[in-house]
Amino acid sequence: MTKKSIIFGWLRIVGGLLIFAFGVHLTIRADLGLAPWDCLGMGIAKHTPLNYGLSMTLIAVVVLIIDVLLKEKIGFGTIIDALLTGNFTQLFNDIDVLPKTHNVFVGILIIIAGLAFMAIGQFFYMKSAQCCGPRDALFVGIGKRMKKVPIGVVLLLVMATVLLCGWLLGGKVGIGTLVCAFGTGPVMQVVYHIIGFEPRDVEHRSVIEIIKLLKA
């Protein structure tokens with residue numbers, strides 16, 4: 001990994017997060033119920049002066065601190081994700097050029113399109129090889145400390161807890177929540193199969209490793 005590729009990787013991360021955020025915006029715009037983390041973000045926004053974007057940034061920073069305490073690998077990608085994704089999504093929410101739909105079927109299609117954009121954004125993001133987002137690192141870190149529990153169950157427990165907190169704070173839950181919860185994995189798999197990308201083959205580098213490479 002060269003200095004040029006590292007800097008290009010940062011640009012790739014920002015571009016990928018922009019695409020990812022547009023996908024999140026579509027899942028919100030469908031107005032059929034929010035994904036767990038978005039539900040929490042909207043719930044916090046209802047009870048504070050913060051908008052959705054700043055609420056998501058606050059959540060991401062808190063989760064990032066937990067990741068550090070869990071001694072998970074933190075990369076520049078993790079930090080950039082924490083600071084930008086929520087605010088990018090807020091930007092798209094503010095622009096809001098799409099007409100509102102009152103058809104459930106159309107809304108579900110919009111959510112699936114949003115999940116596809118999120119997968120594409122993650123592809124560009126992960127290709128930089130500068131670590132996962134804070135929320136991904138969180139459930140992996142918790143999973144390492146619950147070795148007898150399947151990682152899928154750990155993810156389900158984390159998502160259920162986040163969703164419950166969001167719902168209690170007034171975040172919208174509905175059929176869209178279920179589509180996001182059960183559709184993210186399959187849509188991502190289809191997208192990655194089409195573009196020929198295997199995320200498990202990416203060897204991520206932490207902030208410390210990147211700084212050493214830049215100093216070399």
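# Packing in a predicted model

Biologist: Which residues does W37 touch, not counting residues up to four places away in sequence?
Modeller: This is a predicted model, in which local features need pLDDT of at least 70 and side-chain atom pairs count only at pLDDT 80 or more, while totals for chains, interfaces and linings use all residues. Residues are numbered from 1 along each chain as its sequence is written, and side-chain values use heavy atoms, with hydrogens and water left out. With contact meaning heavy atoms within 4.5 Å, and with residues up to four places away in sequence not counted, W37 touches M56, I59, V63, R135, L138, V158, M159 and V162.

Biologist: Which residues have the most contacts inside the largest nonpolar core?
Modeller: A nonpolar core is a set of buried Ala, Val, Leu, Ile, Met, Phe, Trp, Tyr and Cys residues joined through side-chain atoms within 4.5 Å, where buried means under 20% relative accessible area, exposed over 50%, and partly exposed in between (1.4 Å probe, protein chains only). The largest such core has 42 residues, and those with the most contacts inside it are W37, I59, I111 and Y192.

Biologist: Which helix supplies the largest share of this core?
Modeller: Helices are DSSP runs (H or I, at least four residues) numbered from the N terminus, strands being E runs of at least two. At least two core residues come from each of α1, α2 (36-47), α3 (52-69), α4, α5, α6 (134-144), α7 (151-168) and α8. The largest share, seven residues, comes from α5.

Biologist: How far apart are the end C-alpha atoms of α5?
Modeller: The expected span of a helix is 1.5 Å times one less than its number of residues. Because helix α5 has 23 residues (104-126), it should span 33 Å, and the model agrees, with end C-alpha atoms apart by 32 Å.

Biologist: Against which helices do the buried residues of α5 pack?
Modeller: The buried residues of α5 include G107, I111, G114, L115 and M118. These and the other buried residues of α5 pack against α1 (3-29), α4 (76-95) and α8 (175-195).

Biologist: Which residue follows α1 with a positive phi?
Modeller: The 27 residues of α1 should span 39 Å, and its end C-alpha atoms are 39 Å apart, which agrees. The residue that follows α1, with a positive phi near 60°, is D31.

Biologist: Is G133 buried or exposed?
Modeller: G133 lies in the loop between α5 and α6, and, not counting residues up to four places away in sequence, G133 touches T78, D81 and Y125. Because its relative accessible area is 4%, G133 counts as buried.

Biologist: How far apart in space are I66 and P134, C-alpha to C-alpha?
Modeller: I66 is in helix α3 and is partly exposed, with a relative accessible area of 33%. Although I66 and P134 are 68 residues apart in sequence, their C-alpha atoms are separated in space by 8.8 Å.

Biologist: What radius of gyration does the protein have?
Modeller: The protein has nine helices and zero strands, and its C-alpha atoms fill a box of roughly 55 × 35 × 35 Å, taken along the principal axes. The radius of gyration is taken over C-alpha atoms, and the globule rule is 2.2 Å times the number of residues to the power 0.38. For 216 residues, a compact globule would have a radius near 17 Å, which agrees with the value for the protein, 17 Å.
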